[in-house]
Amino acid sequence: MMHQASRVTITAEKLIQDGLTEIIEAEGALGYSVFEGGGKGQHGLHGLLRSPIVDEFAIIKIEVVVTDRAVAEAIAEKVTKAFFADHSGIVYIDNVEILRPTKFGNSP
Amino acid sequence: MDLIINFTQTLLSQLQSPTLAFLIGGMAISAFGSKLEIPDAIYRFIVFMLLMKIGLKAGIEIRQAELSALVLPAIIAATVGCLIVIIGRFTLVYLPNIRASDAIATAGVFGAVSASTMAAAMIVLEEQGIFYEAWVPALYPFMDIPALILAIVLAGIHKQRSEATHHQKIEVRRIITDSLKGSAVSALLLGMAIGLLSTPDRVVASFYEPLFRGLLSVLMLIMGMEAYTRLAELRKVAQWYAVYAIVGPILHGSIAFGLGTLAHVYAGFSPGGVILLAVIAASSSDISGPPTLRAGIPSANPAAFIGSSTSIGTPMAIAVCIPLFIAVAEVVFDI
């Protein structure tokens with residue numbers, strides 16, 4: 001049987017990865033996944049097709065799935081407020097369906 | 001007159017040296033739009049190998065050297081690093097169209113040190129048979145870290161004054177540990193520790209040393225490619241950054257050369273050491289400086305400081321400053 005959950009996706013520069021995961025864990029998420037990538041935004045810094053000599057300016061995508069929608073929104077808001085005024089990044093939330101709720105949250 | 005002839009001769013022979021040729025080659029190939037890529041992992045491995053070798057030899061030599069000889073050059077290195085940031089803070093900031101945080105970050109990057117420039121200078125000195133103490137590269141963190149910290153502190157002070165934001169504590173200790181944890185400085189310090197505390201002479205002679213020159217040539221290629229790519233970013237910001245990136249290396253190197261000469265006179269610092277110190281001062285960080293500054297001064301536009309350092313600063317330091325300071329030293333120290 002599938003359950004509803006919320007997925008928060010943050011795409012940001014690798015430099016702030018530690019700060020992001022701190023916020024995610026502080027809000028009570030049980031886990032997250034990190035993927036590396038490239039892309040382009042208004043700043044044009046994060047080339048996928050060339051090897052960036054500075055690793056910290058590459059892009060990462062962090063996905064967090066939580067059962068509690070309020071937690072998802074709290075993560076999104078905190079992350080935006082703490083980092084996105086000065087650093088590159090976007091965050092969005094979508095709804096996903098999961099099989100094992102206990103892996104994603106402590107709420108019933 | 002002699003100086004000019006000397007310089008031109010050294011410069012012309014430099015243009016044929018593989019170091020500079022690979023740098024220019026990288027720029028040319030990138031300008032051409034080639035898809036040639038050196039994988040990121042290889043680049044990082046090369047930086048590790050170069051700094052490991054430099055550190056190992058420095059450590060081996062420190063074991064035998066008198067530590068008091070290091071003190072004055074270390075103080076000079078730290079002083080020059082801070083001076084560079086201060087000079088930038090009170091000149092670049094006041095030019096038209098320049099944002100203060102961008103300018104301070106740029107000054108910070110130029111105060112910090114480029115491992116690739118330092119390695120290139122060492123190869124040239126060895127080719128010309130100019131002696132320098134093997135521990136001179138150990139001055140790298142002494143210039144690098146104070147410059148970065150000072151830049152971040154000055155940017156913080158400026159921000160507080162202009163925006164009247166609540167007092168944000170600048171975590172100096174975190175900046176120091178982050179800089180020491182950076183890949184370049186870590187490899188250098190590790191090499192120095194191993195060189196100092198054990199006897200790695202054979203592995204240095206049979207592995208690290210022979211590969212140094214070849215790996216440096218690939219690094220120069222990568223830096224050249226990166227220099228061209230970043231040029232597009234530099235175009236987006238004020239032209240003054242380009243001017244600073246051309247004038248700065250020569251000015252900063254000259255200050256260090258002057259102070260280094262004092263160390264030569266009073267502490268027996270070798271002429272090769274003075275040249276290397278001058279080149280280190282002329283260099284601008286491309287690898288470890290930018291992330292530290294981006295983290296410490298997040299409002300600074302990376303196009304300004306990375307663009308000026310990687311596109312113009314480093315090529316200037318390698319192509320112009322190395323032959324320049326060797327030529328000056330030949331005249332001043334009669335070598």
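**Entry 1: B:Ile86**

I began with B:Ile86, which counts as partly exposed because it has 16 C-beta neighbours inside 10 Å. The scale I used calls a residue buried if 20 or more other C-beta atoms lie within 10 Å of its own, exposed if 12 or fewer, and partly exposed in between, with C-beta atoms placed from the backbone. I noted that the model is predicted, so local features need pLDDT of at least 70 and side-chain atom pairs count only at pLDDT 80 or more, while totals for chains, interfaces and linings use all residues. Residues are numbered from 1 along each chain as its sequence is written, and chains are lettered from A and ligands numbered from 1 in the order in which they are written.

I found B:Ile86 in helix α4 (residues 68-91) of chain B; helices (H or I, at least four residues) and strands (E, at least two) are DSSP runs, numbered from the N terminus. I also looked up B:Ala151, 65 residues from B:Ile86 along the chain, and the two C-alpha atoms are separated by 8.2 Å.

**Entry 2: helix α9 of chain B**

I then listed the buried residues of α9(B), which are B:Ala184, B:Val185, B:Ala187, B:Leu188, B:Gly191, B:Met192 and B:Gly195. They lie on the same side of α9(B), because they cover an arc of only 160 degrees around the axis, taken from the directions from the helix axis to the C-beta atoms.

**Entry 3: the sheet of chain A**

I traced an open sheet of four strands in chain A, with the order β2-β3-β1-β4 and antiparallel pairing. Two strands pair if DSSP finds at least two bridges between them. β2 (33-37) and β4 (89-98) of chain A stand at the edges with a single partner strand each, so one side of each has no neighbour in the sheet.

I looked at β2(A) and strand β3 (residues 59-66) of chain A, which run antiparallel and are joined by five bridges.

I turned next to strand β1 (residues 3-13) of chain A, which pairs with β3(A) in the antiparallel sense over eight bridges. There I found A:Val8 with A:Val64 in β3(A) as its bridge partner.
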